[in-house]
Amino acid sequence: MAENSSKYYVPESSPWPLFGSIGLFLIAIGAANFIQQSTQFGQNTLRADGTWGQYVLMAGVLWMIATMFFWWRDTIKESLTGLHNEQLSGSYRQGMIWFIFSEVMFFGALFGALFYARWLIIPWLGGAGNNAMTHELLWPGFQAMWPLTTTPDGRTTQVMGAWGLPAINTAILIVSSITLTIAHHALIVGERGRLILFQGITILLGLFFLSLQVYEYYHAYHELGLTLEAGIYGSLFFFLTGFHGIHVTMGTLMLIVCFFRILKGHFTKENHFVYEASAWYWHFVDVVWLFLFVVVYWL
Amino acid sequence: MTAVAAHHDHHDDHHHAPHGLKRWLFSTNHKDIGTLYLWFSFAMFMVGGFMALVIRAELMYPGMQVVDPEFFNQMTTVHGLIMVFGAVMPATVGLANWMIPLMIGAPDMALPRMNNWSFWILPFAFTILIGAVLMSAFGDGNPSAPNFGWTFYAPLSTKYGPASTDLFILSVHMMGISSIMGAINVIVTVLNMRAPGMTMMKMPLFVWTWLITAFLLVAVMPVLAGAVTMMLTDRHFGTSFFDAAGGGDPVLFQHIFWFFGHPEVYIMILPSFGIVSAIIPTFARKHLFGYASMVYATASIALLSFVVWAHHMFTVGMPLAGTLFFMYMTMLISVPTGVKVFNWVATMWRGSLTFELPMKWALAFVVLFTCGGLSGLMLALTPVDFQYHDTYFVVAHFHYVLVSGAIFSIFAAAYYWLPKWSGVMPNTFLGELHFWNSLLSVNLLFFPMHFVGLAGMPRRYADYALQFADYNWWISVGAFWFGISQLLFVAVCVLCAMKKGKKAEAAPWEGAEGLEWTVPSPAPFHTFDTPPVIK
Ligand code: HEM
Ligand SMILES: [Cu+2]
């Protein structure tokens, strides 16, 4: 590997940002049209017939994946030819930290909505505080409770318990964080075998978690009647676990990409920013789950 | 503030500046990207301004004359959205791009490609939004563009939102992605790219205010993304976030929106504080009074801005304790704001003042922004706000802080730094005309709004009671006068872009300090490839 340069590397010019914007544009109009044309209020079905949105959306997603691929190929090349110096790694690192912070705020908003619903909306609809008349005039039969299993307009659902699958999933994620740390440590001390082994285990645990989540959703929809349309409890349940699941998926993909880059020998003891970033991301997703387990499933 | 021993390598300044369309489309250069941001925001300012004139044309006389009420609602909505997300925010990001690397002695922004991505998302996002308006305008209002106000309250935007709401939601997502990436870039640049010796407390105040702005952006744009996503699923996937029938609450929307929305107004004004703190010392030929207190005041404004949001919601029926909390917190925020105003005044105290164009705009900013702050204080008093809420008094308040505040400071910045950007001095004759016409018309436009608001004229209506007719006529006259005056600024900018005018020296303003004045005018394509040494 070439010597690290002392100058801060400023790339000459790059088409990928513009391409990325086009990709987002396609995704945005495709998704808007698709969602609009293919959903019907009050029905749990997606009708994918007769819309152009789905094709634009798919094209956008593929376009975006290709753009990401070429963009990252460029950066990997730069990294391998030693254009990245210490200061640039610092920029990447700090950038990743602030990105994770923005994700924290996103989940913060969802958790905030949960507490607001649980501590304020539901009691108020049930007549707490100075809301006796609201209760009397809007839904006199409504009973305040959490989780909300009967909505003001009478939709019902069952509650997802904490100590079955969710508890197992919690254990899986905690263990995966530990195995990932072992792998990270192995990378730093240069034990390649242990690194590959534990990186592989972590990925498998991630996939295992995701498949259990899918199973849980199936269970929720088909046995508990817990759906997106089951009122605020269902809405919050699927928003929090769903966005968490999307993040686990992204994290797993990052770990898989890292796995192949490990096999190719891209990472060195000193230079493995992408690996570090994926690890931070994984731990972040893990911590979100712990909060989620406590407030969504358990309490 | 900082003594500079700058040594540039003039030999490698001028080669390898890319040419043609690629230079702008594929750019990784903070100056070019800054220029793109600034022109884009100016274009959006014109588009949003045109919509405002449609509104004022309708309101010039009582009764319905120009547009139908449905289209009027679309105009108020998209005017607000374009001005906030398309004009003010990109303008300050453009200034950040141009000036922050120059001010801290960095070769470029920390993540140059992501920088370009942040910019190029915007034209696409606004194509979607403006496309909805064009379709509505040329399709006789069918399909309708977003029509629920720039605050897009549920259920207007959920159950009753037009089909274009989904396009709007996705375009807000795009703007959010752009802002978050832009903000991360600023933070990382400031924290990681400062030249040796440029300690945090030596940074120009513009850099400080932008650092704090960027923090606010990273913190609240994701919350906005959460809000619009909930809207989307409420509209199409049967969730009940904002629907009481399923155990949700439309007021929840307002809480989430204003948790974003109030910090957002500081996102729009903090960079202005930085601009004015750069200009006033220059033309007072004194150091900024109370530099450290300015930094702390900015930081406390930013922190407090997270706990005042419900002052926009005093009338929704919050518990008394909540109302009181938000009232006191809101009043508290005017303390650090006051600190700033006093510091600017103290900077001018016994300075040897001259009144070049940037200084004129900066002074107008200080006076008129303070007016807006004072009407804000009136609105902060809960019992009083019960009367003023959703009247033209609120419209007067936020236009004083945003137009004669944020926008005036952006003009100040343009007149101050145009010599550095373009290499020629902005035309003084046109500039003076622009300033005086804007100053007089902006007050004719917005001051009477206080009176009609106090008298009870509600905002966002296409018609009004007869007793408001006279004031509204004058307001509309002010609006057209202000709008037309901005064409003078087009002329100023075009002349500078064509390099027509007096050639600018490296440091064209006598009292100016800072690294940006140590490089030639116009600033070469690459600056500070080797970091300057700051003593
Ligand atoms: C001393 C500082 C300030 C105070 C005490 C204050 C207070 C308030 C209050 C109480 C309201 C709600 C009025 C109502 O809807 O009934 C309001 C509205 C508003 N303020 Fe301020 N404000 C201050 C500064 C600012 C600044 C610096 C900006 C922007 C640069 C700003 C922008 C706005 C906007 C855009 C609205 C209206 C939002 C809407 O309903 O569309 N304010 N302000
Ligand atoms: Cu506010």
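Me: Which domains does the assignment give for chain A?
Reply: Domain 1 (1-84) and domain 2 (88-298); the bounds come from an automatic or database domain assignment. This is a predicted model, where local features need pLDDT of at least 70, side-chain atom pairs count only at pLDDT 80 or more, and totals for chains, interfaces and linings use all residues. Residues are numbered from 1 along each chain as its sequence is written, while chains are lettered from A and ligands numbered from 1 in the order in which they are written.

Me: How many Å separate the centres of domain 1 and domain 2 of chain A?
Reply: 24 Å, taken over C-alpha atoms. The contact takes 7 residues from domain 1 of chain A and 6 residues from domain 2 of chain A. Two residues are in contact if their C-beta atoms, placed from the backbone, lie within 7 Å.

Me: What classes are the residues on the domain 1 side?
Reply: On the side of domain 1 of chain A that touches domain 2 of chain A, 4 are nonpolar, 3 polar and none charged. Nonpolar covers Ala, Val, Leu, Ile, Met, Phe, Trp, Tyr, Cys and Pro, charged covers Asp, Glu, Lys and Arg, and the others, Gly among them, are polar.

Me: Now the two chains. How many residues of each are in contact?
Reply: 57 residues of chain B are in contact with 56 residues of chain A.

Me: Which helix of chain B gives the most to that side?
Reply: Helix 5 of chain B, with 13 residues. Helices (H or I, at least four residues) and strands (E, at least two) are DSSP runs, numbered from the N terminus. By class, the side of chain B that touches chain A has 35 nonpolar, 16 polar and 6 charged residues.

Me: Different topic. Where is the cis bond that ends at A:Pro147?
Reply: The peptide bond runs from A:Trp146 to A:Pro147, with omega near -5 degrees. A:Pro147 is in the loop between helix 4 (132-138) and helix 5 (165-189) of chain A.

Me: And which bond is cis at B:Pro522?
Reply: The one from B:Ser521 to B:Pro522, with omega near -10 degrees. B:Pro522 sits in the loop between helix 14 (469-497) and strand 2 (533-534) of chain B.

Me: What is the phi of B:Lys499?
Reply: Positive, about 60 degrees, although B:Lys499 is not a glycine. B:Lys499 is in the loop between helix 14 and strand 2 of chain B.

Me: Is B:Lys499 buried or exposed?
Reply: B:Lys499 counts as exposed because it has 11 C-beta neighbours inside 10 Å. With C-beta atoms placed from the backbone, a residue is buried if 20 or more others lie within 10 Å of its own, exposed if 12 or fewer, and partly exposed in between.

Me: What about B:Arg460, and why does it count as partly exposed?
Reply: Because B:Arg460 has 16 C-beta neighbours inside 10 Å. B:Arg460 also has a positive phi, about 65 degrees, although it is not a glycine.

Me: Last one, ligand 1. Which residues come nearest?
Reply: B:Val265, B:Gly376, B:Leu379, B:His389 and B:Phe398, of the 25 residues around ligand 1. A residue is near a molecule or strand if its C-beta atom, placed from the backbone, lies within 6 Å of it.

Me: Which helix gives the largest share of the shell?
Reply: Helix 12 of chain B, with 7 residues. By class, the shell around ligand 1 has 13 nonpolar, 11 polar and 1 charged residues.
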